[in-house]
Amino acid sequence: MEIYVCIGSSCHLKGSYAIINGFKDLIAQNQLEDKVNLNASFCLGRCQDGVTIKIDDQIVTGLNPDNVKEVFEERVLKEIK
Ligand code: FES
């Protein structure tokens, strides 16, 4: 599974790096390093919608440090297990 976190300027200002770190920790805690690749991405075209990520082909917007765990559980853990 591929996760792309947008680091375009708008998402960057809204805190992409906290989201990248959040995913990094969650991947490590769940020992999914060989199953999930975390990547940075250029603008995903949803700048108005908060920090944007793409999980495989699915766009998810409005990421923040409070919901990153929930998004991870719903979109990553459930898909993998
Ligand atoms: S900068 Fe992230 S969607 Fe445009």
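**Figure 1. Phe 72 is buried in this predicted model.** Its relative accessible area is 0%. Phe 23 also has a relative accessibility of 0% and counts as buried. Together, Phe 23 and Phe 72 form an aromatic pair. The structure holds one such pair. Phe 23 belongs to helix H2 and Phe 72 to helix H3, so the pair ties together parts that are 49 residues apart in sequence.

**Figure 2. Phe 23 and its contacts beyond its sequence neighbours.** Neighbours within four places in sequence are left aside here. Phe 23 then touches Ile 3, Val 5, Leu 38, Ile 53, Leu 63, Val 68 and Phe 72.

**Figure 3. The largest nonpolar core has 19 residues.** The residues with the most contacts inside this core are Ile 3, Val 5, Ile 19, Phe 23, Ile 53, Leu 63 and Phe 72. Strand S1 (2-6), H2, strand S3 (51-55), strand S4 (58-63) and helix H3 (68-80) each supply at least two core residues. In soluble globular proteins, nonpolar side chains tend to be buried together.

**Figure 4. Ser 16 sits in helix H2, residues 16-29.** Ser 16 is buried, at 0% relative accessible area. A polar atom of its side chain lies 2.6 Å from the backbone oxygen of Cys 6. The backbone oxygen of Cys 11 is 3.0 Å from a polar atom of the Ser 16 side chain. Apart from neighbours within four places in sequence, Ser 16 is in contact with Val 5, Cys 6, Ile 7, Cys 11 and Val 51.

**Figure 5. Lys 54 places its charged end over the ring of Tyr 4.** The distance from that charged end to the ring centre is 5.2 Å.

Definitions and conventions
Residues are numbered from 1 along each chain as its sequence is written. This is a predicted model: local features need pLDDT of at least 70, side-chain atom pairs count only at pLDDT 80 or more; totals for chains, interfaces and linings use all residues. Side-chain values use heavy atoms; hydrogens and water are left out. Helices (H or I, at least four residues) and strands (E, at least two) are DSSP runs, numbered from the N terminus. Buried means under 20% relative accessible area, exposed over 50%, partly exposed in between (1.4 Å probe, protein chains only). A polar contact is a pair of N or O atoms within 3.5 Å; within protein, one must be able to donate a hydrogen and the other to accept it, and residues adjacent in sequence count only if both atoms are side-chain atoms. Contact means heavy atoms within 4.5 Å. A nonpolar core is a set of buried Ala, Val, Leu, Ile, Met, Phe, Trp, Tyr and Cys residues joined through side-chain atoms within 4.5 Å. Rings of Phe, Tyr and Trp (its six-membered ring) pair if their centres lie within 6.5 Å; planes under 30 degrees apart count as stacked, over 60 as edge-to-face and the rest as tilted. A charge sits over a ring if NZ of Lys or CZ of Arg is within 6 Å of the ring centre and within 35 degrees of the ring normal.
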